[in-house]
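Colleague: I am new to this one. Could you walk me through how to read it?

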Amino acid sequence: MENFFGRLKTEMFLGEKFESVNTFIDKLKEYIYIYYYNNERIVLKLKMSPIQYRTHSY
């Protein structure tokens, strides 16, 4: 958990001001889905995202 919050603080919060709590929640969900769990970025070795790799054999 310390690693997660450390990365979250440096990658998402540093110098950022949010307009409202709802904006913050939306950005937090986006960060977790896209960046932390890497659901969309393609890994060159796999030639697809990790989610696609895990589900392509089904």
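Colleague: Is Phe-24 buried, partly exposed or exposed?

Modeller: Keep in mind that this is a predicted model. Buried means under 20% relative accessible area, and exposed means over 50%. Phe-24 has 25% relative accessibility, so it counts as partly exposed.

Colleague: Which aromatic pair does Phe-24 form with Phe-13?

Modeller: Planes under 30 degrees apart count as stacked. Phe-13 and Phe-24 are 5.6 Å centre to centre, with 15° between the planes, and the pair is stacked. Phe-13 belongs to helix α1 and Phe-24 to helix α2, so the pair ties together parts 11 residues apart in sequence.

Colleague: How many aromatic pairs does a search of the whole structure find?

Modeller: The search finds 3. In one of them, the ring centres of Phe-13 and Phe-18 are 6.2 Å apart and the planes stand at 85°, so that pair is edge-to-face. Phe-13, Phe-18 and Phe-24 form one aromatic cluster. Phe-13 is partly exposed at 31%, and Phe-18 is partly exposed at 26%.

Colleague: Now the helix. Which residues of α1 are buried?

Modeller: First the general idea. An α-helix has 3.6 residues a turn, so residues three or four places apart point the same way. In α1, the buried ones are Phe-4, Leu-8 and Met-12. Down the axis of α1, its buried residues fall within an arc of 30°, so they line one face. On the other side of α1, Glu-2, Asn-3 and Lys-9 are exposed.

Colleague: What follows α1?

Modeller: Gly-15 does, with a positive phi near 75°.

Key: Residues numbered from 1 in each chain as written. Predicted model: local features only at pLDDT ≥ 70, side-chain atom pairs only at ≥ 80, totals over all residues. Heavy atoms only, no water. Buried < 20%, exposed > 50% of the residue type's maximum accessible area, 1.4 Å probe, protein only. Helix = DSSP H or I, 4+ residues; strand = E, 2+ residues; numbered from the N terminus. Arc of directions from axis to C-beta. Phe/Tyr/Trp six-rings, centres within 6.5 Å; stacked < 30°, edge-to-face > 60°.
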